[in-house]
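This report describes the fold of one protein chain for a reader who is new to protein structure. Please keep the sequence and the structure in view while reading.

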Amino acid sequence: MASAVQGVQNIIGYTFNDSDLVREAISAAGSIVAAGTRRFPNGNKRLAILGDTVLQLALAEEWYDGTEPRATYDRIRQAVGSNNNLYSIGLASNLDAFVNLAAGGRTVSPITMAATVEAIIGAVYLDANDMDTVKAVMDTLGLTAASLG
């Protein structure tokens, strides 16, 4: 698992203080994973919910600093935060190589990959406690309005 933690850190350009957060983030729902005294019975579901919210906050902050209308924010949020986009970003970044699947799982489904990307964002938020760091990771992954072209 140490190599998985290092692999994720290399991809996102951030080194965690609490590597258990990475382990939780890459644990798909239904997988059996524990780190130290912590167990993740629901895999990365809780971190994914947090990460989805943090992703939206970061995008809202980026939009707020500009002059674009509300409809632009809605379009950006839907495009950047869509499961299809998160899935594509996860695959393009090779994050799928580090996902711990449930017993019998062989490939990372689109929904599992999307949840894992969200969970990684949530893990960075908890570990860094700094939105600028979260935004830097999002930028590294291509999860920004600018990445839409």
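## How helix directions are compared

An axis is a line fitted to C-alpha atoms, for helices over the stretch in contact, and the angle between two axes runs from 0 to 180 degrees between N-to-C directions. The model discussed here is predicted.

With that definition, helices α5 and α6 can be compared: their axes come within 8 Å and cross at roughly 80°. Angles of 65 to 115 degrees count as roughly perpendicular, and α5 and α6 are therefore roughly perpendicular to each other.

## Overall composition

The protein chain contains seven helices and two strands. Read from the N terminus, its elements follow the order α-α-β-β-α-α-α-α-α.

Of the 149 residues in the chain, 43% are buried. The chain exposes about 7,700 Å², and carbon and sulfur atoms supply 49% of that area. When contacts between residues at least 6 apart in sequence are considered, 61% of them join residues at least 24 apart.

## The contact of α5 with α6

On the α5 side, the residues that meet α6 are Asn83, Leu86, Tyr87, Gly90 and Leu91. Their partners in α6 are Pro110, Ile111, Met113, Ala114, Val117 and Glu118. Sorted by class, this contact has eight nonpolar, two polar and one charged residues.

## The contact of α3 with α7

A second pair of helices consists of α3 (residues 45-64) and α7 (residues 131-141), whose axes come within 10 Å and cross at roughly 95°. That angle makes α3 roughly perpendicular to α7.

From α3, the residues Val54, Leu55, Leu57, Ala58, Leu59 and Glu61 take part, and they meet Met131, Val134, Lys135 and Met138 in α7. By class, the contact of α3 with α7 comprises eight nonpolar, no polar and two charged residues.

## The nonpolar core

The largest nonpolar core has 40 residues, and those touching the most other members are Ile12, Phe16, Ile121, Val124, Met138, Leu141 and Leu143. Two or more residues come from each of α1 (2-12), α2 (19-25), α3, α4 (70-80), α5 (83-92), α6 (110-128) and α7. Helix α6 gives the most to this core, with nine residues.

Methionine 138 links this topic to the previous one, as a residue of α7 that meets α3 and as a member of the core. Apart from neighbours within four places in sequence, methionine 138 is in contact with Leu55, Ala58, Leu59, Ile121, Leu143 and Thr144.

## Residues in and after the helices

Glutamine 6 belongs to helix α1. With a relative accessible area of 41%, glutamine 6 is partly exposed. Its C-alpha atom is separated by 9.1 Å from that of serine 19, which is 13 residues away along the chain.

Alanine 145 is located in the segment after α7 and is partly exposed, at a relative accessible area of 22%. The C-alpha atoms of alanine 145 and arginine 77 are separated by 8.3 Å, although the two residues are 68 residues apart along the chain. Leaving aside neighbours within four places in sequence, alanine 145 is in contact with Leu59, Glu62, Ile76 and Val80.

## Residues in the loops

Valine 99 and asparagine 94 both lie in the loop between α5 and α6. Is valine 99 buried or exposed? Valine 99 is buried, because its relative accessible area of 10% is under the 20% limit. Apart from neighbours within four places in sequence, valine 99 is in contact with Ile26, Ala28, Val108, Thr112, Met113 and Thr116. One of these, threonine 112, is 13 residues from valine 99 in sequence and 8.7 Å from it in space, C-alpha to C-alpha. Asparagine 94, by contrast, is partly exposed, with a relative accessible area of 48%.

Most residues other than glycine have a negative phi. Asparagine 94, however, has a positive phi of about 65°. Asparagine 129 also has a positive phi, near 55°. Asparagine 129 lies in the loop between α6 and α7, and at 63% relative accessibility it counts as exposed.

Terms used. Residues are numbered from 1 along each chain as its sequence is written. This is a predicted model: local features need pLDDT of at least 70, side-chain atom pairs count only at pLDDT 80 or more; totals for chains, interfaces and linings use all residues. Side-chain values use heavy atoms; hydrogens and water are left out. Helices (H or I, at least four residues) and strands (E, at least two) are DSSP runs, numbered from the N terminus. Angles under 35 degrees count as roughly parallel, over 145 as roughly antiparallel, 65 to 115 as roughly perpendicular and the rest as oblique. Contact means heavy atoms within 4.5 Å. Ala, Val, Leu, Ile, Met, Phe, Trp, Tyr, Cys and Pro count as nonpolar, Asp, Glu, Lys and Arg as charged, and the others, Gly among them, as polar. Buried means under 20% relative accessible area, exposed over 50%, partly exposed in between (1.4 Å probe, protein chains only). Accessible areas come from the Shrake-Rupley method with a 1.4 Å probe; for residues, only the protein chains shown count as cover. A nonpolar core is a set of buried Ala, Val, Leu, Ile, Met, Phe, Trp, Tyr and Cys residues joined through side-chain atoms within 4.5 Å.
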